[in-house]
Amino acid sequence: VKVFGDDPAVLSQTAQQVAQALRQVPGAAEVKVEQTDGLPMLSVDIDRAKAARYGLNLAEIQEAVATAVGGREAGTFYQGDRRFPILVRLPESQRESLQALARLPLALPKGEGPVSYVPLGEVASLDLRPGPNQVSREDGKRRVVVSANVSGRDLGSFVAQAQQVVRDQVK
């Protein structure tokens, strides 16, 4: 069963209702809803006022976090005829630790003295929040699939009964 819509929360709720309805149909086995959320995502909430006091702008902070976590190409390594990009980023153990990311040094704008740094945690709060696992689309519309196997009965009568149950129980 394909459920289409614009609002991810409504899509997920409707897909769960469809799955619940399908579980009531005799012969339905292994009813599953496509997982669309629950993937932990790093959220960096930058305090604009603090960043401004240090002379940092949002783009600089975002670029530092993107480089530290996602990596940035810093050059090319040549080995004979082959070329390999050189990627700069934090080691995995530090990318996965909020405390380590909070200590990420951000270079302050150059003044008359030596370059100084401020930790990311001083100008931003970091946390892991559940985010979208995937966003499936079909014909330009968001879609969530509810799937089921059929056991112990013919497919035609199962589909007819499933359509009727979904029609009666799911808005």
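Predicted model: local features only at pLDDT ≥ 70, side-chain atom pairs only at ≥ 80, totals over all residues.
The patch consists of Phe77, Phe84, Ile86 and Val88 and covers a surface of about 330 Å².

Strand β5 (residues 82-88) runs antiparallel to strand β4 (residues 72-79), and the two are joined by seven bridges. Within this pairing, isoleucine 86 of β5 is the bridge partner of glycine 75. Isoleucine 86 is also one of the patch residues. The two strands form a hairpin with two residues between them, and in the turn glycine 80 adopts a positive phi of about 65°.

The largest nonpolar core comprises 16 residues, of which Val18, Leu22, Val146 and Val166 have the most contacts inside it. At least two residues of this core are supplied by each of α1 (8-23), β10 (141-150) and α7 (155-169). Helix α1 provides the largest share, six residues. With residues up to four places away in sequence left out, valine 18 touches Val1, Val3, Val146, Val166 and Val170. Another core, of 15 residues, lies apart from it and includes Ala68, Leu104, Leu108 and Leu120.

Six salt bridges are present in the structure. In one of them, lysine 2 pairs with glutamate 138, with the closest N and O atoms 3.0 Å apart. Because lysine 2 belongs to strand β1 (residues 2-5) and glutamate 138 to strand β9 (residues 136-138), this pair ties together parts that are 136 residues apart in sequence. Both partners are partly exposed: the relative accessible area is 47% for lysine 2 and 24% for glutamate 138.

A further salt bridge is formed by the side chains of glutamate 34 and arginine 143, at 3.9 Å from N to O. Glutamate 34 is located in the loop between β2 (28-33) and β3 (37-46), whereas arginine 143 is part of strand β10, so the contact ties together parts that are 109 residues apart in sequence. Glutamate 34 is partly exposed at 21% relative accessibility, while arginine 143, at 16%, counts as buried. The side chain of arginine 143 also meets that of glutamate 138 in a salt bridge, with an N to O distance of 3.1 Å.

Note on methods
Residues numbered from 1 in each chain as written. Heavy atoms only, no water. Pairing = 2+ DSSP bridges. Helix = DSSP H or I, 4+ residues; strand = E, 2+ residues; numbered from the N terminus. Patch = residues over 30% accessible without salt bridge, like charges linked within 9 Å, V, L, I, M, F, W, Y side chains within 5 Å. Areas by Shrake-Rupley, 256 points an atom, 1.4 Å probe, with all protein chains shown as cover. Salt bridge = Lys/Arg side-chain N within 4 Å of Asp/Glu carboxyl O. Core = buried A, V, L, I, M, F, W, Y, C linked by side-chain atoms within 4.5 Å. Buried < 20%, exposed > 50% of the residue type's maximum accessible area, 1.4 Å probe, protein only. Contact = heavy atoms within 4.5 Å.
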